[in-house]
Amino acid sequence: MSKAGTLDLASGLGGKIDKTQVLSAVEKLTNTMIWLPAFMSLDGENLSILQPGIASFSSVLWNGESLRESIKRHEHFLSLQLGLKPGHKVLDVGCGIGGPLREIARFSSTSVMGLNNNEYQIARGKELNCIAGMDKSCDFVKADFMKMPFPDNSFDAVYAIEATCHAPDAYGCYKEIYRVLKPGQCFAAYEWCMTDSFDPHNQEHQKIKAEIEIGDGLPDIRLTRQCLEALKQAGFEVNSYFSLLPFFLIGDEI
């Protein structure tokens, strides 16, 4: 779908928020949502579309769990799935300012390199590394994840959190990740995908998809099966994949 068509579908978008209001807005969001126990779909096909605004945190909240606790839990889960061990050299593809990078390095006692093409985010990330006392184990490099400045077989593990979905070509991105990963090691990711239950002729499905694309600055969101096929073509063996399906009610103020 063209971005013009996406903008037409995503109605009611726009506006701005002052920097000083961000924290209170996040607090309002979490306080006005009622979170029920989450269900994990192991077949990866039960989630038709992701609701905008919640999956962008790459986490599902368990009952009684704070947003911060939930995000940490998902980052720790990623570390465990990768089998990270002290001393491992890890790559975060599309790391932003490095929140997950620092948490994963601290949790797993690894060294994590964050790759990002945004100079401001890298500068901010380095400041936060120093504040957190993680500047010895965490660092950044400014680069394009479609053409990484690393030799072959450089990393013990690679992960991406809602980053490779921005790639113009999924196969090209995954192939580059495969190249820098040591043989037999793992790549794990949280990814925006549409499952086979998505109906491109359903206007409500199209509207939600369009709002996600605009809100996250995404190209056309790929189907799960397209991502899986691109991973296999890049050389990966897909060990497992699943959907995170939150059951939630949103308060009247949101």
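Is Lys182 buried, exposed or partly exposed? Lys182 is partly exposed, with a relative accessible area of 31%; buried means under 20%, exposed over 50%, and partly exposed in between, for a 1.4 Å probe and protein chains only. The tour comes back to this residue below.

The model is predicted, with local features needing pLDDT of at least 70 and side-chain atom pairs counting only at pLDDT 80 or more, while totals for chains, interfaces and linings use all residues. Residues are numbered from 1 along each chain as its sequence is written, and side-chain values use heavy atoms, with hydrogens and water left out.

**Stop 1: the sheet**

Show the strands. Helices (H or I, at least four residues) and strands (E, at least two) are DSSP runs, numbered from the N terminus. Five strands form an open sheet in the order 5-4-3-6-7, with parallel pairing; two strands pair if DSSP finds at least two bridges between them. Strand 5 and strand 7 are the edge strands, each pairing on one side only. From one strand to the next the twist averages 20°; axes are lines fitted to C-alpha atoms, for helices over the stretch in contact, and angles run from 0 to 180 degrees between N-to-C directions.

**Stop 2: strand 6 and its neighbours**

Select residues 89-93, which are strand 3. Strand 3 pairs with strand 6 in the parallel sense over three bridges, and Leu91 stands opposite Val158 in strand 6. Next select strand 6 (residues 155-161) and strand 7 (residues 181-190), which run parallel and are joined by six bridges. Here Ala157 stands opposite Cys186 in strand 7.

**Stop 3**

Select Asp156 and Lys182. They form a salt bridge, with the closest N and O atoms 2.9 Å apart; the term means a side-chain nitrogen of Lys or Arg within 4 Å of a carboxyl oxygen of Asp or Glu. Asp156 lies in strand 6 and Lys182 in strand 7, so the pair ties together parts that are 26 residues apart in sequence. Asp156 is buried, at 13% relative accessible area.

**Stop 3: salt bridges within helices**

The structure holds nine salt bridges. For another one, select Arg124 and Glu127, whose closest N and O atoms are 3.2 Å apart. These two residues are three apart in helix 5 (residues 119-132), so about one helical turn separates them. Arg124 is partly exposed at 33%, and Glu127 is partly exposed at 45%.

Move to Lys207 and Glu211, a salt bridge with its closest N and O atoms 2.7 Å apart. They are four residues apart in helix 7 (residues 203-216), so about one helical turn lies between them. Lys207 is partly exposed at 26%, whereas Glu211 is buried at 16%.

**Stop 4: a network**

Salt bridges that share partners join Asp152, Glu176 and Arg179 into one network. Select Asp152, found in the loop between strand 5 (138-142) and strand 6.

**Stop 5: cysteines**

Select Cys130 and Cys186. Cys130 is exposed at 51%, and Cys186 is partly exposed at 29%. The structure has zero disulfides, a disulfide being a pair of cysteine sulfur atoms within 2.5 Å.
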